Amino acid sequence: MKKGMKLGVGLMLASFLAITGCGNNDSSKEGASQGSGSEGGKTYKIGVNQIVEHQSLDSALEGFKAALKEKGLEVEYDVQIAQGDQNNSQTIATNFVGDGVDLIFANSTPSAQSALNATSDIPIVFTSVTDPVGASLVKSFEEPGANITGTTDTHPDAIPNTVKFINENIEGNKVGMIYNSGEQNSVAQIDLVKEAMKGTELEVVEASVSTSAEVKQATESLVGKVDSLYVITDNTVVSALESVIGVASDSDIPLFVGELDSVKRGGFAAYGFDYYDIGFEAGEMAASILTGEKKASELPVQYPQKLKLQINAKAAEDMGIEIKEEWKEEAEIIE
C-alpha cells in the first residue's frame, strides 16, 4: 500500500514539473517575439573595453547602450576601464576572450587595438577612434576586415575648419598643442593639423605628456610661447581638461578643443559632434552583428554624421575673447 502511494506521488510530481517546464519555455519565446530581437530570448554578453573615464567616452558608451536597447536586445555588459594603461587594456581584452563574450565594444583607439590583438573571431565594434586605418585596425573604411568595424571620431572637416577659424580670427600664429605621443590617435591628429596649416603662417608648438598628471605642467610650459591652445581628442589630455582650462583662463589664451563635450566643460570653441551619436551608431552596428543580420566585415566604418561650431560664452569671457557678431550666425553659443 505504501509503495503504491509513493509511486502515485512520484507520477503527480513528474506531471507537475513537465507542465511548469513547458510554461517557462513559452514565456521565453513570447518575450523574444515582443521585440527582444534575440533568438529564444537570448541575453547577449558584451565586454566594454574603455581606456579611461571622461565625458566624451562615457557619452559614447551611453549612446551605444541606448541603440541596443532601442533595438530590443537583452544585453549584459561587463564594463572595464583601463585607467589609461595599455597593459591593463590588453589584459581586459584577453579576459573578455576567455569569458567568451558575444561582442567586444572598444571605446578608444588603444582599446580597439587591444581587442584586435586578443581575438580574430569575436566581433569587435569600436568608436572614439580617430584613424582606424593608420592604427592598423581596418584595411579600409569600406572593407574593414574579418571581425572588426565601428565609428570614427574624426569628421573630415573638423580640423581644417578649426585651423581656418584660428587663422582668420585669433591674433598671433603660435598654436600650442598638448598631447600624448604614445597615442597613435593623437599623432595622426597632430599631422592633420600641420597639414591643414600649410599655406598659412600658423605654427604648432608641441608639449608631450605620458600621463594625465603631467597635463597641467605641460600646459604651463606653453604660456608666453603660444597665442592659442588646441586640444585634440587625446584621451590623456581630455581626461585632465580642467587643468588646461584653468591655465588658459588665467593666462587669457583662447582654448580650442576637439569635441563638443569639451566645450561644455569649459573649452572656448570646437567644430564637433556629440559622442553620444557616434556611440549610438556603433550600437546599431553591434545589433546587426549580434542578430546575424550582418557580419562585421560587411559594415563599413562610419564618420560622424553631424558637425557644428559651438562656442562657450563664459569660457570666452574667462579667456578675454570678445564674441563677434558674425560668429553668432554660424555658431551655437552656449553659456
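Tutor: Start with a term: a residue counts as buried when its relative accessible area is under 20%, and as exposed when that area is over 50%. Keep in mind that this is a predicted model.

Student: Okay. Is N312 buried or exposed, then?

Tutor: N312 is at 5% relative accessibility, so N312 counts as buried.

Student: Where is N312?

Tutor: N312 lies in strand β11, which covers residues 308-312.

Student: And what does N312 touch, not counting residues up to four places away in sequence?

Tutor: N312 touches V263, K264, G266, G267, F268, I334 and E335. Another residue to look at is S262, which is 50 residues from N312 along the chain. Their C-alpha atoms are separated by 9.8 Å.

Student: What about A146, buried or exposed?

Tutor: A146 counts as exposed, because its relative accessibility is 68%. A146 is placed in the loop between β4 (124-129) and β5 (148-152).

Student: What is A146 in contact with, leaving aside neighbours within four places in sequence?

Tutor: A146 is in contact with A296 and S297. As for P123, that residue is 23 residues from A146 along the chain, and the two C-alpha atoms are 8.5 Å apart.

Student: Zooming out. How many helices and strands does the protein have?

Tutor: There are 13 helices and twelve strands. The protein has 335 residues, and 50% of them count as buried.

Student: And how much of the contacts comes from residues 24 or more positions apart?

Tutor: Such pairs account for 70% of the contacts with a separation of 6 or more.

Student: Let's do helices. At what angle do α2 and α11 pack?

Tutor: Helix α2 (residues 55-70) and helix α11 (residues 275-290) pack at about 40°, and their axes are 6 Å apart. That angle makes α2 oblique to α11. The crossing of α2 past α11 is right-handed.

Student: Which residues make that contact?

Tutor: From α2 they are S56, S59, A60, E62, G63, F64, A66, A67, L68 and E70. From α11 they are Y275, Y276, G279, F280, A282, G283, E284, A286, A287 and L290. By class, twelve of the residues in this contact are nonpolar, five are polar and three are charged.

Student: Which residues of α2 are buried?

Tutor: S56, L57, S59, A60, L61, G63, F64, A67 and L68 are buried in α2. An α-helix has 3.6 residues a turn, so residues three or four places apart point the same way.

Student: How far does α2 reach from its first C-alpha to its last?

Tutor: α2 has 16 residues and reaches 22 Å, close to the 22 Å expected at 1.5 Å a residue. After α2 comes G72, which has a positive phi near 85°.

Student: Where are Q83 and S128?

Tutor: Q83 lies in the loop between β2 (74-81) and α3, whereas S128 is found in strand β4. With a relative accessible area of 59%, Q83 is exposed. S128 is at 2% relative accessibility and so counts as buried.

Student: You mentioned α3. How does α3 pack with α4?

Tutor: Helix α3 (residues 86-99) packs with helix α4 (residues 109-118) at an angle of about 45°, with the axes 8 Å apart. That makes α3 oblique to α4. α3 passes α4 in a right-handed crossing.

Student: Which residues meet there?

Tutor: Q86, S89, Q90, A93, T94 and V97 in α3 meet P110, S111, Q113, S114, A115, N117 and A118 in α4. The contact has five nonpolar and eight polar residues, with no charged ones.

Student: One more pair. How do α5 and α6 cross?

Tutor: Helix α5 (residues 158-169) and helix α6 (residues 184-197) cross at roughly 50°, and their axes come within 9 Å. The two are therefore oblique to each other, and their crossing is right-handed.

Student: Who makes the contact in α5 and α6?

Tutor: I159, P160 and V163 of α5, with Q189, L192, V193, A196 and M197 of α6. This contact has seven nonpolar residues, one polar and no charged.

Terms used. Residues are numbered from 1 along each chain as its sequence is written. This is a predicted model: local features need pLDDT of at least 70, side-chain atom pairs count only at pLDDT 80 or more; totals for chains, interfaces and linings use all residues. Side-chain values use heavy atoms; hydrogens and water are left out. Helices (H or I, at least four residues) and strands (E, at least two) are DSSP runs, numbered from the N terminus. Buried means under 20% relative accessible area, exposed over 50%, partly exposed in between (1.4 Å probe, protein chains only). Contact means heavy atoms within 4.5 Å. Axes are lines fitted to C-alpha atoms, for helices over the stretch in contact, and angles run from 0 to 180 degrees between N-to-C directions. Angles under 35 degrees count as roughly parallel, over 145 as roughly antiparallel, 65 to 115 as roughly perpendicular and the rest as oblique. A crossing is left-handed if the near helix is turned anticlockwise from the far one by less than a right angle, and right-handed if clockwise. Ala, Val, Leu, Ile, Met, Phe, Trp, Tyr, Cys and Pro count as nonpolar, Asp, Glu, Lys and Arg as charged, and the others, Gly among them, as polar. The expected span of a helix is 1.5 Å times one less than its number of residues.
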